[in-house]
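Good morning, and thank you for joining this group meeting. Please look at the model on the screen while I describe its pockets and part of its surface.

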Amino acid sequence: LKKRSGACLNVYLIVKKKSSVLLSLRQNTGYYDNYYGLISGHVEDGESAISAMIREAKEEAGIQIAQVKPVHIIHRKTDRFNIDIFFTCSSFLGPITNPEPHKCAALEFFDLNNLPPNIIPYIEKALQAVLHKKIYSEEGWACC
């Protein structure tokens, strides 16, 4: 009998302003601290991916989002199996703030063609995939 994967479902929000994207400088999380990532989080039990994305946007950037659109999925293998869903939002309400300064050193916009060198590698790959309208990718597997 084969065992099912038990994958972790993770959500990421791509907030754009013209040709720039909002990045979060991680700190004190134990995961890619001092690297830039996106507004993101784990989908909790009993929660849909879109509900998780709406919750994380409020928790991590103080914004309310409504219209979200999935634009990329990564099936990623680390020490666990991950399904990463990347969303864009057409608009948001409220000013961007940093409600979690203990976890986020900064929220900044960066030009998509000039991302910081300390961006999480799979996040950079996902942003490039979105730019090229590539819907799906895999990472960490022997075949990829």
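A pocket, on a 1 Å grid over the protein atoms alone, is an open set of points where a 1.4 Å probe fits, with protein on both sides within 12 Å along at least five of seven lines; lining residues have an atom within 4 Å of a point. This is a predicted model, in which local features need pLDDT of at least 70, side-chain atom pairs count only at pLDDT 80 or more, and totals for chains, interfaces and linings use all residues. Residues are numbered from 1 along each chain as its sequence is written, and side-chain values use heavy atoms, without hydrogens and water.

Which residues line the second largest pocket? They are Ile-14, Lys-16, Thr-88, Leu-112, Leu-127, Val-130, Leu-131 and Lys-133. This second largest pocket holds about 160 Å³ of space, a volume being the space filled by probe spheres set on the grid points, which are joined across faces, edges and corners.

The largest pocket contains about 610 Å³. Its lining has 28 residues, and Arg-26, Ser-40, Gly-41, His-42 and Glu-60 are the closest to its centre. Helix 1 gives the largest share of that lining, four residues; helices (H or I, at least four residues) and strands (E, at least two) are DSSP runs, numbered from the N terminus.

Finally, consider Tyr-31, in the loop between strand 3 and strand 4 (36–37).
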